There are 2 protein chains.
Amino acid sequence: MLDPSAGYLTVINTYAVAPERAEALLELLIRATEETLRYVPGFVTANFHMNLDRTQVINYAQWRSGDALQAAAADPKVAALIRELAQVADSFTPLRYELRRSIPAAGA
Amino acid sequence: MLDPSAGYLTVINTYAVAPERAEALLELLIRATEETLRYVPGFVTANFHMNLDRTQVINYAQWRSGDALQAAAADPKVAALIRELAQVADSFTPLRYELRRSIPAAGA
């Protein structure tokens, strides 16, 4: 479960993509995360989703803090990788959020 | 943690809102979820986020399946509640996704 008390920064990255390139983009994002991003200090988790029309890949990611994300983005190697991934998509929108409340199903 | 093998449907509801009404909208969404939505069959979890500018509230929600969500939306009481909540925001966008892969930090 997601836990507001962890105090993580949530980043939702939305990649718009043509349906015929959606799977390739997803694979590229997974490979970049497994090979590089998961080793970056402050990275907590990445969660890759595909919409049902296959026109959007989104990453629901958690970072330890806003400062950790800023430090990562200031690393030229990380910045270059993020730019490269964004260019494979038709558009790229990163948005930052604070998780405020998680509510499970009654009885869960 | 989020688990792709659970097979849930992910729904990301984005509510655009004026900063001075963002906290009130968030409270309304939390109350509606605690009092009503969490008892609806097929509901798994709701996770409410606020962006740093306080112009967006998003709910990262999980439902047991697309069929469960459709059944819930066909319930007049649930449909009316969702419409009512959407009207408090300046705009409301619900998007459906499949969680394909979760990658934790190295060593986590």
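Colleague: At what angle do helix α1 (residues 19–35) of chain B and helix α3 (residues 76–88) of chain B pack, and how far apart are their axes?

Modeller: In this predicted model, the two helices pack at an angle of about 170°, with 10 Å between their axes.

Colleague: What makes α1(B) and α3(B) roughly parallel or roughly antiparallel to each other?

Modeller: An angle over 145 degrees counts as roughly antiparallel. The angle between the two helices is about 170°, and α1(B) and α3(B) are therefore roughly antiparallel.

Colleague: How do you know what relation holds between chain B and chain A?

Modeller: A rotation of 180° with 0.0 Å of shift along its axis superposes chain B on chain A, the RMSD being 0.0 Å. That is the relation of a two-fold axis. In chain B, the C-alpha nearest this axis belongs to B:M1, 2.5 Å from the axis. The same surface serves both copies, since 100% of the contact residues of chain B recur in chain A.

Colleague: How many residues are in contact between the chains, and which elements of chain B give two or more residues to its side?

Modeller: The contact joins 33 residues of chain B with 33 residues of chain A. On the side of chain B, two or more residues come from each of α1, β2 (43–51), β3 (56–63) and β4 (91–104). The most, 10 residues, come from β4(B). That side of chain B divides into 20 nonpolar, seven polar and six charged residues.

Colleague: What joins β4(A) to β2(B)?

Modeller: Seven bridges join these two strands, which run antiparallel. Here A:I103 stands opposite B:A46, and the bridge partner of A:E98 is B:M50.

Colleague: Which pairings lie within one chain?

Modeller: One of them is in chain A, where strand β1 (residues 9–16) and strand β4 (residues 91–104) pair in the antiparallel sense over eight bridges. A:V11 stands opposite A:R96, and A:T10 stands opposite A:Y97. Another is in chain B, where β2(B) and β3(B) pair in the antiparallel sense over seven bridges, with B:A46 opposite B:A61. These two strands of chain B form a hairpin with four residues between them, and B:R54 in the turn has a positive phi of about 60°.

Colleague: In what order do the eight strands close into a barrel?

Modeller: The order is β1(A)-β3(A)-β2(A)-β4(B)-β1(B)-β3(B)-β2(B)-β4(A), with antiparallel pairing. Neighbouring strands of this sheet are turned by 35° against each other on average, direction ignored.

Colleague: What makes β2(B) mostly covered?

Modeller: Eight of the nine residues of β2(B) are buried.

Colleague: With which residues is A:S102 in contact, leaving aside its neighbours within four places in sequence?

Modeller: The contacts of A:S102 beyond those neighbours are A:M1, A:L2, A:D3, A:P4, B:T45 and B:N47. As for A:M1, its C-alpha atom is 8.2 Å from that of A:S102, although the two are 101 residues apart along the chain. The contact criterion concerns C-beta atoms placed from the backbone, which must lie within 7 Å; the value of 8.2 Å separates C-alpha atoms.

Notes:
Residues are numbered from 1 along each chain as its sequence is written. Chains are lettered from A and ligands numbered from 1 in the order in which they are written. This is a predicted model: local features need pLDDT of at least 70, side-chain atom pairs count only at pLDDT 80 or more; totals for chains, interfaces and linings use all residues. Copies are superposed by least squares on the C-alpha atoms of residues with pLDDT of at least 70 in both. Two residues are in contact if their C-beta atoms, placed from the backbone, lie within 7 Å. Axes are lines fitted to C-alpha atoms, for helices over the stretch in contact, and angles run from 0 to 180 degrees between N-to-C directions. Angles under 35 degrees count as roughly parallel, over 145 as roughly antiparallel, 65 to 115 as roughly perpendicular and the rest as oblique. Ala, Val, Leu, Ile, Met, Phe, Trp, Tyr, Cys and Pro count as nonpolar, Asp, Glu, Lys and Arg as charged, and the others, Gly among them, as polar. Two strands pair if DSSP finds at least two bridges between them. A residue is buried if 20 or more other C-beta atoms lie within 10 Å of its own, exposed if 12 or fewer, and partly exposed in between; C-beta atoms are placed from the backbone.
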